[in-house]
Structure formats: structure tokens, C-alpha cells
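Biologist: I would like to learn how the features of a two-chain model are read. Could you take me through them one at a time?

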Protein chains: 2
Amino acid sequence: MKNQTTPAAGKPHGITTGPLPGSRKVHAAGTLHPVRVPMREIAVTGEAPLTVYDSSGPYTDPTASIDIAAGLPDSRGDWQLNRGDVAPVAARPVHPADNGFATGTRLTPAFPRRVEPLRATGGRAVTQLAYARAGIVTPEMEFVAIRENEGRTIARIRDGEAFGAAIPDLVTPEFVRAEIAAGRAIIPANINHRELEPVIIGRNFKVKINANIGNSAVTSGMEEEVEKMVWAIRWGADTVMDLSTGRNIHNIRDWILRNSPVPIGTVPLYQALEKVGGIAEDLTWEIFRDTLIEQAEQGVDYFTIHAGLRLHMIPMTARRVTGIVSRGGSIMAKWCLTHHRESFLYEHFDEICDICRAYDVSFSLGDGLRPGSIADANDEAQFAELRTLGELTKIAWAKDCQVMIEGPGHVPMHKIKANMDEQLKHCHEAPFYTLGPLTTDIAPGYDHITSAIGAAMIGWFGTAMLCYVTPKEHLGLPDRDDVKTGVITYKLAAHAADLAKGHPGAQARDDALSRARFDFRWQDQFNLGLDPDTARSMHDETLPAEAHKVAHFCSMCGPKFCSMKISQDIRAEAEKRAGMEQMADRFRAAGEIYIPAEEAEAAK
Amino acid sequence: MKNQTTPAAGKPHGITTGPLPGSRKVHAAGTLHPVRVPMREIAVTGEAPLTVYDSSGPYTDPTASIDIAAGLPDSRGDWQLNRGDVAPVAARPVHPADNGFATGTRLTPAFPRRVEPLRATGGRAVTQLAYARAGIVTPEMEFVAIRENEGRTIARIRDGEAFGAAIPDLVTPEFVRAEIAAGRAIIPANINHRELEPVIIGRNFKVKINANIGNSAVTSGMEEEVEKMVWAIRWGADTVMDLSTGRNIHNIRDWILRNSPVPIGTVPLYQALEKVGGIAEDLTWEIFRDTLIEQAEQGVDYFTIHAGLRLHMIPMTARRVTGIVSRGGSIMAKWCLTHHRESFLYEHFDEICDICRAYDVSFSLGDGLRPGSIADANDEAQFAELRTLGELTKIAWAKDCQVMIEGPGHVPMHKIKANMDEQLKHCHEAPFYTLGPLTTDIAPGYDHITSAIGAAMIGWFGTAMLCYVTPKEHLGLPDRDDVKTGVITYKLAAHAADLAKGHPGAQARDDALSRARFDFRWQDQFNLGLDPDTARSMHDETLPAEAHKVAHFCSMCGPKFCSMKISQDIRAEAEKRAGMEQMADRFRAAGEIYIPAEEAEAAK
């Protein structure tokens with residue numbers, strides 16, 4: 001694949017590239033470290049351009065050379081090596097089981113470039129948490145600090161209810177360090193994911209969103225999976241989870257990681273289960289452990305580990321309407337029950353930490369007992385597991401591992417706040433990462449919306465990252481359109497949360513778009529929105545002519561009925577008139593009684 | 001158009017008829033009055049059928065004869081006449097201006113049947129409020145009481161935070177009467193809308209939704225407009241507002257009313273403006289007054305009247321980002337400013353009440369100064385108008401008129417609660433009827449979602465009716481798909497609100513659907529959802545075979561990974577095992593430390 005030099009979006013060799021409409025890639029430089037932080041600048045007619053957060057990576061940069069067989073450039077290698085606490089090790093050999101014993105044409109080719117993975121030397125912790133605690137501001141920390149400010153150098157309008165969050169006017173590298181040291185934020189950044197543009201997840205930062213991708217039993221090609229990731233980040237996914245099952249898991253993951261500028265998360269249990277032919281009871285700690293090392297060496301940035309689901313909690317799900325709906329949770333429950341033993345994830349959690357700290361794989365402690373229906377929300381099983389996740393958080397922190405906590409699920413609105421409160425209390429302010437929650441069960445086909453309601457609310461209350469839900473939830477595998485719909489829906493929910501928390505930079509985009517709307521600058525209105533293409537095409541359905549892009553009305557009301565047009569006329573009229581304020585005072589003084597018509601007439 | 005006898009949905013002569021999948025129309029009889037209340041019964045495999053609220057009218061009843069040129073049957077005529085306080089009057093003649101001077105082929109034909117309108121005799125108030133205050137339980141009150149219970153005879157699960165709402169376990173006719181007498185609820189039911197199936201709007205009842213329809217400057221046919229209404233109520237719209245502008249407003253409204261089982265609302269100012277050629281400053285009280293009578297005689301159930309926007313408030317909008325975004329508000333502001341006079345709607349509000357009480361047209365007091373952007377939310381202009389709406393509420397109540405209050409608009413999440421609190425305080429608990437609110441401005445093309453977040457929240461806090469927003473908001477005229485998306489989105493938001501308020505009947509549907517999901521009863525899962533057609537088609541995209549409708553897995557995870565399947569296996573396993581509880585106790589007693597592996601092994 002060759003350099004994309006045209007500004008329009010293209011899709012050479014199946015990968016979508018090119019900037020979003022009206023946008024260009026800009027970079028800000030660090031002062032402490034040689035970091036180069038990408039942002040997106042949206043041109044606005046008659047105003048300064050608006051700089052916004054940009055998760056899309058080099059794919060939207062027309063000057064970048066995109067070749068998925070080469071992968072993205074190694075932008076972090078020196079950072080890590082400069083710390084002197086890692087060394088290349090011989091890579092774990094790839095076994096046939098890693099790819100589900102796929103052979104011949106069914107085998108997805110290995111990624112062409114293979115480098116020796118890095119690993120901590122001397123049992124050291126090479127995590128952002130370890131550095132933060134040691135008072136070190138890493139390049140990753142400076143990178144995310146610059147990134148969070150979105151080009152702001154002064155505080156903008158602040159107005160919100162933060163529920164105890166403390167978002168600074170401007171994020172400094174030292175603030176990032178302190179938040180990580182306190183466990184309130186994480187930068188998922190495996191030392192072997194050198195293509196990464198670091199992202200911070202914590203409630204004192206912008207609310208992030210995750211998109212899930214992954215093939216299922218049917219093989220899909222590496223290009224298709226890379227394109228899913230590129231497509232998701234183009235629309236705003238901050239992290240991507242590869243939830244692949246079936247064959248070729250190892251090789252496809254390599255293709256995704258080598259081409260991903262965003263953190264990649266996985267559920268290692270899925271691959272481990274494939275290695276034992278899908279029989280949960282055949283899982284062993286040894287197979288699981290080996291899978292962790294395999295994935296850590298590849299560069300996976302965070303692992304979902306369902307270590308909080310313990311044997312004694314399983315009976316608590318017996319009277320649930322929907323039992324255990326987490327895949328990882330149900331696998332572990334089956335294992336525990338069959339062997340009548342405590343979960344090997346819980347029992348070996350110390351050792352799991354030892355692996356994660358050697359590569360800086362962050363924990364996403366899985367909620368295997370999350371409710372799968374309104375009826376099961378906030379029940380004994382869910383909160384018992386949450387308290388165990390709090391215990392595990394402390395164990396991980398003692399090992400200098402970064403931790404976030406996964407949350408529900410299906411929760412009616414009045415029970416959402418308790419989820420956040422309980423999480424803050426029992427998990428010691430470790431970042432919360434929730435799936436929705438869905439606020440009703442009755443709208444299959446619309447669960448991106450039932451869940452966006454809950455996601456916006458829990459984001460407001462303090463959740464740091466929202467896992468998207470697509471319209472296909474409960475019904476089937478999301479296609480390209482579903483992925484985009486899910487990502488845009490979650491971007492708007494995350495933004496609504498930022499606004500309500502009083503994030504100092506959030507309202508600037510709303511205001512710029514609303515000014516464009518009021519001034520009938522249609523192109524600006526499209527370009528400042530989350531999905532310029534859809535906005536433009538909806539507008540074009542009724543008023544396709546280019547001339548209508550500057551029309552002072554739209555198809556909804558037509559020119560005579562346009563309130564914004566009338567409102568502009570009023571404003572012009574008001575500016576002409578002196579004494580309008582005085583007249584208004586007079587009417588105000590008249591208070592709550594009618595002004596006699598003749599008097600009002602005389603007052604003209 | 002002929003009788004629809006097939007159970008499948010059809011569209012004879014442009015009107016969609018036939019039941020929803022798995023559903024049949026049932027009727028419940030009154031005990032005080034000869035009312036016959038329609039409901040929808042959804043068949044469920046292996047369970048009792050679920051009865052749900054049904055706004056769709058006779059169109060989903062295969063035994064009903066549908067002929068839009070005949071209109072729906074007169075189901076209320078006797079109720080009103082029996083009260084002895086109304087009499088037919090000679091109808092106001094239809095003027096050419098009423099239809100925008102359309103002639104020849106551009107003129108939509110008049111509705112074939114014309115009856116003499118009813119009007120109160122002797123200056124009486126013939127409103128539900130007047131009857132309620134007099135201690136009379138009308139047939140309309142009994143109808144809505146039965147309707148609200150959805151076939152329940154006992155209270156179901158209750159669990160919520162109602163913020164001062166007081167929803168009874170079962171709604172009685174007397175409860176309805178008392179709520180209406182207190183002004184906390186309304187039944188918009190013009191005595192000339194005899195085709196109506198009454199609906200109650202108030203915060204101690206199920207949250208309702210409104211859908212807007214209407215042609216704009218371009219002429220559309222009467223059949224097309226009737227179909228828009230039928231389509232909107234098929235998916236759950238509780239009321240429909242006809243916001244037509246342009247030509248043929250009078251005749252199209254007649255076609256809609258004569259075929260509508262749901263309350264129809266209008267903004268009479270739109271038609272009045274058409275009568276003066278679209279020149280706001282040429283509006284007069286006389287033209288407006290005549291339009292009210294014209295529409296009241298036709299049977300419009302509620303009028304949006306922007307009487308709260310007063311001259312002295314206009315300067316308060318000068319520094320807004322988006323000025324005045326209400327169409328009615330901007331028209332009145334222009335009128336006030338041009339003439340430099342107080343609004344004729346405010347000055348003549350007494351007389352407007354006199355008209356409304358003679359037909360029982362309910363007020364929907366318009367928020368002409370609602371915010372059109374996040375920046376303008378909860379500002380001085382908005383709340384000044386709200387307080388005036390509270391004044392007007394008292395004037396209307398003194399005239400025995402039913403009142404609801406319109407609300408915003410664009411409001412970030414943290415400012416939503418204040419809208420409800422201020423409305424309750426200043427408008428004396430009159431029902432609140434809000435447009436969204438949209439929780440961010442940055443997602444044109446997705447404003448059904450930005451607003452569903454706000455709508456669900458404000459519905460929870462106490463808003464009685466939510467005005468839908470479609471994906472085309474701000475961009476163009478909604479088409480058929482947009483209308484459906486808007487209605488379903490708002491139904492799910494209203495239901496999320498009912499759940500969170502602890503409505504005693506709400507969770508039954510979630511539970512039935514979730515049980516179906518857990519049991520892999522795919523057809524039940526589709527049919528119990530708000531949009532069975534979409535759910536089914538999404539499922540079929542990946543697993544089209546009929547055999548998969550009973551498969552114990554879906555395409556998302558496949559059979560090996562299905563958590564629900566594993567969970568069922570676990571449950572079966574658990575039931576077999578004795579002693580599992582004891583084992584669990586042992587682990588629980590072990591507390592927060594690891595069980596040594598050998599001990600756990602020995603314990604097997």
C-alpha cells in the first residue's frame with residue numbers, strides 16, 4: 001500500500017485512509033521528551049480552527065505511508081530502552097494450537113516482521129505505575145498530558161457536577177504521574193506495543209470508549225480484521241478489544257497489534273479455551289499462563305481477567321433471570337463447578353501479576369457476574385464479585401500493576417449511581433470500565449441506544465471508559481455500519497458525560513457547532529459533528545444542491561418558518577433600536593398583570 | 001379500503017394495517033361506563049401472554065374495517081352528549097385562506113363526511129378538569145384507568161426512585177379523577193374528536209411519547225399524511241402533533257383527525273401565519289382567534305400556545321449562542337418587536353381559555369424561549385418564560401382548562417434535573433412535556449440518541465410526555481424510517497423512565513424478554529421487543545435458517561462460547577449436586593485469603 005496523498009478518504013487495499021472532511025492532522029511536541037502528539041484540527045469558516053482529540057492514528061494523515069505488511073512505525077522503542085530495565089528475550093515459539101491448528105490455506109500468514117520481545121530484567125516492574133510511584137514522568141505520561149489538552153493553553157468554560165472527580169483546567173505531565181501513582185488512572189501500554197499512541201484512562205480525564213472487534217468461528221482474513229480496527233478508531237474508538245475466537249487467533253492478533261496506534265485489549269481465556277478444544281473443564285493454569293506470556297510478548301496492552309468470580313459466588317446466580325452472561329465468567333464458573341475447586345485465576349493471581357508487571361500489561365478485572373437483565377442488576381452475586389475485584393486491585397497494586405475494573409451490563413437508571421459508588425468504595429478509585437449499562441431489556445436492535453443512556457450517566461458519575469454496544473447486541477455479529485453506529489453513539493455518550501462533569505475543554509465543540517448552526521454555515525456544522533458524512537448525506541436527501549449549503553434555512557421548515565433566520569432578524573432589529581432595554585424594564589415592572597392594550601399601543 | 005382479515009401486516013391503499021408479530025388485539029370492558037379499552041396481547045411460548053399498552057388503534061385489529069374516506073367509528077359521541085352540556089352548532093365556514101388558497105388539483109379534497117361540531121352550551125366548561133372537580137368520573141377517565149393497568153389486576157415488582165411521583169399499584173377511575181382535578185394530569189380529548197381512544201398524561205402514569213408529522217411547503221396528499229400518523233402510532237406514539245405548514249392545512253388536518261385514535265396536537269400559530277402570507281408582523285389577534293375556533297371545531301385535542309414569551313424577555317436572548325429556536329417563539333418575538341407591543345397571546349390569554357373550555361382543547365403551553373444549544377441551557381430567558389407559563393397555568397385552571405407545559409430543548413445532563421424541579425415548582429405540578437432534551441450539540445445525524453439520553457432522564461425525574469426527535473433533526477425532513485427510529489427510540493426512553501420510577505407494571509416486559517433470551521426462545525425475544533421486525537432481520541443476517549430460531553446459541557459467540565448455554569448447564573449441574581451450598585459456605589468462610597491448592601484439591 002502506498003502513500004495516501006489525496007485529502008479525500010480512500011480505501012487502498014481494503015484499509016480506509018485519508019482525513020475526515022474539513023480536517024487535518026497536526027502534531028504538538030513535548031518539552032520533557034521527544035514526543036509528537038497527534039491531534040485533529042477542524043477548519044471553521046471565520047473562526048479559529050477547532051483542535052480535537054484524535055484516536056485515528058496515521059491512517060488519517062495524508063503524509064503517512066500505510067502498508068499493513070510493514071506495520072506502523074516503532075514510535076516508542078527508545079523510550080522504553082532508555083529506562084535500562086528491559087532487554088530483548090527469545091520469543092516464545094508459536095505453537096500450532098496458538099492458531100487453532102489451522103494449516104495450509106486456512107492459516108492466516110504470520111506477520112512478516114518478527115522482532116525479539118522486550119521483557120523486564122531482574123524481576124523489575126516496568127509499568128507506568130512503578131515509574132509514577134518512583135516520581136518518574138515518562139514520555140507516555142507527557143504524551144497523554146498534551147493529548148488531553150487538545151491544544152488548549154487556557155481553561156475554557158467550566159460548568160458541571162463532577163461527583164468528586166477533580167479535572168484540572170489543564171493537564172500537566174506531573175498531574176498524570178500523580179493520578180497514575182494513586183491508581184486513579186492507567187496508561188495501557190505494553191512495552192512490546194511500540195506502535196502505540198498512548199491513551200490515559202481515569203475519571204479525571206476525558207471519558208474514553210472501547211470498540212470490540214474479532215473474528216468468530218469462521219475465519220476472516222488479516223486485512224479484514226486490521227480494517228475493522230482502523231474503521232473503529234477512525235470514528236473515535238480510544239481502545240480496541242480483539243475478542244477473536246476460533247482459528248488464527250495468534251496470527252491475526254499480530255497483524256492487528258503491528259498496525260494499531262491504540263491500546264489493544266484481549267480476554268486471554270478465549271484463546272486458552274480454544275487450545276483445549278472449547279472444553280472449559282479441560283482448562284489448566286499452565287495453559288492459561290502460557291497464553292498470557294504469548295500475548296504479553298506480542299504487545300497486548302490490557303488483559304481482561306475474570307479472577308473475581310469465586311466458587312462460592314456461583315450459587316448466588318441460581319435464582320437469576322439470566323444466570324451468568326459474561327463469556328469469561330460462564331467458562332470459569334463451569335470450570336469451578338466441574339472440578340469443585342476455587343478458580344485458578346483467583347488462586348494464581350499473584351503469578352498473573354508477575355507476568356503483567358514484566359511487560360506492563362494492564363489489568364481489566366472482568367465482571368464475570370455482571371447482570372444480563374434488569375431483573376439481575378445490583379444483586380448479591382454482582383456486588384460480591386465487585387468486592388473481590390477490590391481485593392485483587394490491592395494485590396495488583398502491590399505488584400506495581402496497573403488496574404481498571406469492568407462493570408455492567410443491564411442496569412435500570414435508578415440503580416446506576418450505586419454501581420459507581422460501590423466501585424469507587426470497594427475498588428479504591430481504580431478506573432471503572434463499563435459495558436453500557438443497558439437501561440432496559442425490551443429493545444433488541446436498539447441496544448446501542450438503551451445502553452448509551454446508561455453509558456452517558458455512568459460516565460458522568462465517574463466511569464473512565466465505556467465499552468460500546470452496537471445495534472446487533474444480542475442478535476448477531478456487527479458489520480461495518482454497526483461498528484460505526486456503535487462508536488459514534490458511544491462518542492456522543494462520552495462527550496455528554498464530559499460536558500456534565502464540567503470538563504474544561506468539552507463545551508468548545510458544542511459551541512462552535514451551534515454557532516455554525518445559527519449562522520447557517522452548513523459545511524462547518526457537518527464537519528464539527530461526530531459524523532460529517534452522515535450529517536451531510538441526511539441534509540442532501542432533501543436539499544442536495546451545493547447552493548443550499550449556504551442557504552439561510554433548511555428543508556425542515558423552509559425559509560418563512562426558520563426560527564434561526566427570524567432570530568437573526570430580531571437581533572439585527574434589536575441592535576438598531578435604542579431604548580429596547582428600557583422598554584423591557586417597563587414591561588417587567590408591570591409584572592404579572594396584563595398591560596391594557598391602549599397603554600401598550602401608546603407606549604409604541 | 002376493505003377489511004383486513006389476514007394476520008400479517010399489509011398496506012392496502014397506502015395505509016399500514018395488521019397486527020404486530022405474535023400479537024393480537026384484546027379489549028377490556030368498563031364497569032362504570034360502556035367503554036371498550038384496546039390492548040395488545042403478545043403470545044409467549046410456555047408462559048401466559050403479556051398484555052401491553054396499545055396506541056395503534058383499529059389499524060392493528062384484523063376485524064376492523066379500515067376506510068380512510070369514512071374515518072374511524074365515532075366511539076365517544078354518546079359519552080359527551082349524555083352529559084347534557086353541549087349542543088351541535090353551525091360549523092364555521094371553510095375559507096380559501098384555511099387551505100392556503102389552494103385550488104384545483106393543488107387542493108387536497110375536503111374530508112367527505114362533515115358533521116356539525118359540538119360546543120359547550122351556556123358558557124359552560126366541558127373539560128375533563130371541570131368534571132373532575134365536580135366529582136364526576138367520566139368514561140374517558142375510566143377508559144384511561146383500565147388502559148394504564150395493561151391487564152394487571154395485581155401489583156407487580158416495584159423498585160425505583162420516583163422523585164415525589166406517586167404511582168399507585170393499580171390505577172382506579174377515582175385516582176384518575178383526583179389527579180386531573182389536582183391539575184397533575186390531563187386527558188387531551190376535544191369533544192369533537194369522537195374517534196379518540198383517550199390517553200392520560202401525568203407523572204403518576206406511564207410516560208407517554210409524541211411524534212410530529214406534517215407536510216411542509218411542498219404539498220403532500222391526505223393519504224400520505226394519514227399513513228404517517230398510522231405508522232407513528234403503530235410503533236407506539238401516544239399522541240401525534242400535526243405541524244403542517246403551507247397549503248391544505250385545514251383539509252389535511254380533517255383527514256388526520258377523522259382517522260386518528262390518538263390525541264392530535266397542533267400549533268395554531270403556524271396556520272395563522274400562513275393566512276397572513278408568512279409575515280409575522282401581519283398577525284392579529286382576530287386571525288389567531290378565528291384559527292383557534294376553526295381547529296377546535298375540527299377536533300384538535302391540544303394546542304401549543306406560546307403565550308409565555310413576553311416582550312421584556314426578548315432582550316434576554318441577545319447574548320445567546322442560538323437565539324430563539326422555537327418556531328412559534330421566533331414568530332411571536334418578531335411580532336412583539338416589530339410592533340413593540342406585548343404578545344397578543346399573553347394579552348388575550350383569558351379569551352383563549354374561553355375558547356378551549358368550550359371544546360375541551362387542552363393547553364400545551366409552548367416554550368418559545370427554550371434553549372437551542374448547550375450554551376443557552378437554563379438561562380435567564382428560559383426560566384423567565386417558565387415562570388410566566390406557571391402564571392398562565394393558574395389562569396387556565398381558573399377557567400377549568402387542562403394544561404401541560406412544554407420544556408427544552410438542548411440541556412447538558414447536569415442541568416436536566418433543575419428543569420424538572422423548576423417546572424414542578426413554578427407550574428404547580430402541571431404535566432411537563434419536553435423535547436428531548438439533547439445532551440450535546442455535536443452529533444447531527446444522531447440527535448435521536450443525544451436526546452434519548454436526556455429524555456430518559458427527565459422522564460425519570462417526572463416528565464409526563466416526551467416529544468420524539470428523529471435522526472434528521474437539524475438536517476432535514478424525517479422519512480418513514482426516521483419516524484420509526486424516532487418513535488422506537490422514544491418508547492425505549494419512556495420505558496427506561498418507567499422502570500426507574502418504579503412503575504408497577506414496567507419490569508414485566510423486561511423480565512419476559514430476558515427469560516425468552518435465556519431460554520433461547522428467539523421468536524419470543526423478537527416479539528416481546530419494541531421492534532420485532534428489526535430484531536428478526538438483524539438475527540437473520542447471520543443465521544437466517546428457521547432452525548436457528550430454536551438454536552441454543554447465536555452468531556455472536558457460536559455454540560462453544562455461549563455464556564447463556566454454559567449458564568444453563570451450570571444450573572442443571574448445580575441442581576444435581578447436593579452440598580454445593582455447604583461447599584460455598586466453606587469457601588466463603590475462608591474469606592479473603594487464598595485456599596492452598598492442596599487443600600482445595602483434598603476438599604473435592
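**Reading the interface**

Modeller: Across the interface of chain B and chain A, the rule finds 18 residue pairs in polar contact, both residues being at pLDDT 80 or more; a polar contact is a pair of N or O atoms within 3.5 Å, where within protein one must be able to donate a hydrogen and the other to accept it, and residues adjacent in sequence count only if both atoms are side-chain atoms. This is a predicted model, in which local features need pLDDT of at least 70 and side-chain atom pairs count only at pLDDT 80 or more, while totals for chains, interfaces and linings use all residues. Residues are numbered from 1 along each chain as its sequence is written, chains are lettered from A and ligands numbered from 1 in the order in which they are written, and side-chain values use heavy atoms, with hydrogens and water left out.

Biologist: Which helix of chain B gives the most to the side that touches chain A?

Modeller: Helix α15 of chain B, residues 480–501, does so with 10 residues (helices, H or I of at least four residues, and strands, E of at least two, are DSSP runs numbered from the N terminus).

Biologist: How is the extent of an interface expressed, and what area do chain B and chain A bury between them?

Modeller: The size of an interface is often given as the accessible area lost when the parts come together. Here chain B and chain A bury about 11,700 Å² between them, 65% of it on carbon and sulfur atoms, where buried area is the accessible area (1.4 Å probe) that two parts lose on being put together, summed over both. The contact, meaning heavy atoms within 4.5 Å, takes 136 residues from chain B and 136 residues from chain A.

Biologist: How many salt bridges are counted between chain B and chain A?

Modeller: A salt bridge is a side-chain nitrogen of Lys or Arg within 4 Å of a carboxyl oxygen of Asp or Glu, and the count between the two chains is four. One of the pairs is A:K472 with B:E541, whose closest N and O atoms are 2.7 Å apart.

Biologist: Is B:E41 buried or exposed?

Modeller: Buried means under 20% relative accessible area, exposed over 50%, and partly exposed in between (1.4 Å probe, protein chains only); B:E41 therefore counts as buried, at 17% relative accessibility. B:E41 lies in strand β2 of chain B, residues 36–42, and, leaving aside neighbours within four places in sequence, its contacts include B:R24, B:V26 and B:P49.
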